[in-house]
Amino acid sequence: MAPRHASSFGWSMSVVLRRWQQFADETFKDLPHGARGFNLLSVVVHEEVRTQGALATRLAVDRTVLTYVIDDLEKAGLIERQPDPRDRRARRIVATEQGRKVQAEGEERMADAEEQVLGGLTEDQREVFRECADRAAEAIYNASPGADLCGP
């Protein structure tokens with residue numbers, strides 16, 4: 001392996017991210033808002049987020065952008081807005097049966113894509129990479145709550 005230069009970290013992260021993004025773009029090309037729509041659907045399926053504001057914060061997406069994503073996923077029949085039984089002024093975002101199916105299929109396809117992206121690593125190295133990436137992302141997210149960290 002060539003000696004590590006100060007700029008190689010940025011290059012490495014860019015190459016990995018671009019390759020993952022290619023898979024995500026292809027995988028979710030028919031889903032409203034692509035990978036961003038899938039991320040929202042995944043949070044709705046796996047977590048109980050009580051309000052749209054809380055969902056925006058959780059996804060680190062601007063609330064105005066989130067509204068368009070929710071509208072389009074709702075039009076596609078993947079999520080629905082339901083009255084919150086604890087607060088009649090609020091609407092909960094809930095996955096439909098079709099939304100759960102699409103999300104589960106997307107998770108399987110992205111797991112396959114992740115294996116291809118990280119194919120040059122051993123299984124142990126993949127696990128360490130995932131764990132370190134998760135920790136770094138959580139630290140960045142926690143340092144800037146509410147910022148749109150996933151935007152363009």
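User: Is Asp-72 buried, partly exposed or exposed?

Analyst: Asp-72 counts as partly exposed because its relative accessibility is 26%. Buried means under 20% relative accessible area, exposed means over 50%, and partly exposed is in between (1.4 Å probe, protein chains only). Before we go on: this is a predicted model, where local features need pLDDT of at least 70 and side-chain atom pairs count only at pLDDT 80 or more, while totals for chains, interfaces and linings use all residues. Residues are numbered from 1 along each chain as its sequence is written, and side-chain values use heavy atoms, with hydrogens and water left out.

User: How many salt bridges does a search of the whole structure find?

Analyst: It finds 13. One of the pairs is Arg-81 with Glu-74, whose closest N and O atoms are 2.5 Å apart. Arg-81 is partly exposed at 24% relative accessibility, and Glu-74 is partly exposed at 29%. Another salt bridge joins Lys-29 and Glu-26, at 2.8 Å from N to O. There Lys-29 is exposed at 54%, whereas Glu-26 is partly exposed at 49%.

User: Which residues are linked in a network of salt bridges?

Analyst: Glu-114, Glu-115, Glu-123, Arg-126, Glu-127 and Arg-130.

User: Switching to the inside. Which residues have the most contacts in the largest nonpolar core?

Analyst: Leu-40, Leu-55 and Leu-66, in a core of 29 residues. A nonpolar core is a set of buried Ala, Val, Leu, Ile, Met, Phe, Trp, Tyr and Cys residues joined through side-chain atoms within 4.5 Å. Helices H1 (8-27), H2 (34-46), H3 (52-59) and H4 (63-75), strand S2 (87-95) and helix H5 each supply at least two residues of this core.

User: And which element gives the most to this core?

Analyst: H2, with seven residues.

User: Back outside: which residues form the nonpolar patch on the surface?

Analyst: Phe-9, Met-13 and Phe-129, with about 280 Å² of accessible area together. Patches are made of residues with over 30% relative accessible area and no salt bridge, joining nonpolar side chains (Val, Leu, Ile, Met, Phe, Trp, Tyr) within 5 Å and like charges within 9 Å. Areas come from the Shrake-Rupley method with a 1.4 Å probe. Met-13 lies in helix H1 and is partly exposed at 39% relative accessibility.

User: Which residues make up the negative patch?

Analyst: Glu-105, Glu-107, Glu-108 and Asp-112. Asp and Glu count as negative, Lys and Arg as positive, and His and the chain ends are not counted. Glu-107 lies in helix H5 (residues 97-117), and its relative accessibility of 38% makes Glu-107 partly exposed.

Conventions:
Salt bridge = Lys/Arg side-chain N within 4 Å of Asp/Glu carboxyl O. Charge placed at Lys NZ, Arg CZ, Asp CG, Glu CD. Helix = DSSP H or I, 4+ residues; strand = E, 2+ residues; numbered from the N terminus.
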